[in-house]
Amino acid sequence: MKILVCISKTPDTTAKIAFIDNNTKFAADGVQWILNPYDEWYALVRAIELKEADPSTVIHLITVGAADVEPIIRKALALGGDEAIRINADSHDSYYVAAQIAEIAKQGAYDLLFTGKETIDYNGSSVGGMLAELLDLPYISLATKFDIADGYAIVNREIEGGEETDKVQLPVVVSCQKGVAEQRIPNMKGIMGARSKPLKVLEPAAIDALTSIISFTLPPAKAGVKLVPADNPEELVRLLHEEAKVI
C-alpha cells in the first residue's frame, strides 16, 4: 500500500503574531516554526501505525513550500516517513496548494491520502476536499478513527451532534483529527536515519492561485472585566442588556 501524507509548516502556538509591509505579510523574524500538529500527530502517525501493521506499506510525504520548510520535512521523516517531496513554491492559496499536490498524486498511484483536518495558522480545512475533487476520489473529513479491511477504509468521523461510521473503497482522501492516532516523538534512530532519506524538490506546475491576501488584522484588544456583586442581580441584567446587548 502507498500512502501520501500532506504536511505543512506553521508557527508555534506560542509565537508572537505581528505583520509587516502595511499589514500584508506575516512577520517571520524570530518565529519558531513547527510541523502542523494535525498533520504530525494524527495524519502522519496513523500512516506510521498502518505501516507497522503491514511493513510493505510505503509512506511518502509532500508539502508545498520554500527551502525553509526542509527542517520540518526532516522531522516528519524522522518520525517514520520513507521519502519526501517538496514542491518549490510559497503560497497561502488553498486551491493552489491542493492543485500542486494533486499533480504529484496523479503520478504516484496512491491508495490513501492523509491530511490533517486543518492548519493551526489559517484554519481553512479546505485542502483535503479540494484535493479529493481534483483527483476524483471520495473524501472523508474529521476522522477520529481509521482502519483498513479487505481494500476498504472504515472511518469514524464527527458530525453535528454525534458520530458516524463510513465504509469506502480505496483509494480515498481522509482528513484526520484528535482520536485517530496518539502523538509520537522522533527517536534518535529516526533522527539519524532521516538525514539520508530521499527529499525530492520539484518545481511547481503552472497553476494560478485563486485568492490573494490583501491585509491582516489582529483581534481587538479585550476589554476589562466588570465584576458585579452577587447581591445585585439587577445591575448584572442592566449591563447585559445595555452594554453587552445580549438580552
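**Reading the labels on a predicted model**

Modeller: Setting aside neighbours within four places in sequence, Thr-57 is in contact with Met-1, Ile-3, Leu-50, Lys-51 and Asp-82. Keep in mind that the model is predicted.

Biologist: Where is Thr-57 found?

Modeller: Thr-57 sits in the loop between α1 (37-53) and β6 (58-64).

Biologist: What makes Thr-57 buried rather than exposed?

Modeller: Its relative accessible area is 1%. Buried means under 20%. The value of 1% is under that cut-off, so Thr-57 is buried.

Biologist: Why is Lys-167 called exposed?

Modeller: The cut-off for exposed is over 50%. Lys-167 has a relative accessible area of 59%, so the label holds. Lys-167 is found in strand β11 (residues 162-169). Apart from residues up to four places away in sequence, Lys-167 touches Tyr-152, Ala-153 and Ile-154.

Biologist: How far is Lys-167 from Lys-75 in space, C-alpha to C-alpha?

Modeller: They are 32 Å apart in space, and 92 residues apart in sequence.

Biologist: Turn to α3 and α4. What makes α3 oblique to α4?

Modeller: Helix α3 (residues 94-108) and helix α4 (residues 127-135) pack at an angle of about 45°, with axes 9 Å apart. That makes α3 oblique to α4. Roughly parallel needs an angle under 35 degrees, and roughly perpendicular needs 65 to 115.

Biologist: What is the handedness of the crossing of α3 and α4?

Modeller: α3 passes α4 in a right-handed crossing.

Biologist: Which residues of α3 and α4 meet?

Modeller: From α3 come Ser-94, Tyr-95, Val-97, Ala-98, Ala-99, Ile-101, Ala-102, Ala-105 and Lys-106. From α4 come Val-127, Met-130, Leu-131, Leu-134 and Leu-135. The residues of this contact divide into 12 nonpolar, 1 polar and 1 charged.

Biologist: How do you know that the span of α3 agrees with its number of residues?

Modeller: Take 1.5 Å a residue: the 15 residues of α3 should span 21 Å. The end C-alpha atoms of α3 are 21 Å apart, so the two values agree.

Biologist: Which residues of α3 are buried?

Modeller: Among them are Tyr-96, Val-97, Ala-98, Ala-99, Gln-100 and Gly-108. The buried residues of α3 pack against β1 (2-6), β6, β7 (83-87), β8 (112-116), α4 and β13 (199-202).

Biologist: What follows α3?

Modeller: Ala-109 follows α3, and its phi is positive, near 50°.

Biologist: Where do Asp-136 and Asp-150 lie?

Modeller: Asp-136 lies in the loop between α4 and β9 (139-149). Asp-150 is in the loop between β9 and β10 (152-159).

Biologist: Are Asp-136 and Asp-150 buried or exposed?

Modeller: Exposed means over 50%. Asp-136 stands at 70% relative accessibility, so it counts as exposed. Asp-150 stands at 76%, so it counts as exposed too.

Biologist: Which geometry does the peptide bond from Leu-170 to Pro-171 have, cis or trans?

Modeller: That bond is cis, with omega near 0°. Pro-171 is found in the loop between β11 and β12 (172-176).

Notes:
Residues are numbered from 1 along each chain as its sequence is written. This is a predicted model: local features need pLDDT of at least 70, side-chain atom pairs count only at pLDDT 80 or more; totals for chains, interfaces and linings use all residues. Side-chain values use heavy atoms; hydrogens and water are left out. Axes are lines fitted to C-alpha atoms, for helices over the stretch in contact, and angles run from 0 to 180 degrees between N-to-C directions. Helices (H or I, at least four residues) and strands (E, at least two) are DSSP runs, numbered from the N terminus. Angles under 35 degrees count as roughly parallel, over 145 as roughly antiparallel, 65 to 115 as roughly perpendicular and the rest as oblique. A crossing is left-handed if the near helix is turned anticlockwise from the far one by less than a right angle, and right-handed if clockwise. Contact means heavy atoms within 4.5 Å. Ala, Val, Leu, Ile, Met, Phe, Trp, Tyr, Cys and Pro count as nonpolar, Asp, Glu, Lys and Arg as charged, and the others, Gly among them, as polar. Buried means under 20% relative accessible area, exposed over 50%, partly exposed in between (1.4 Å probe, protein chains only). The expected span of a helix is 1.5 Å times one less than its number of residues.
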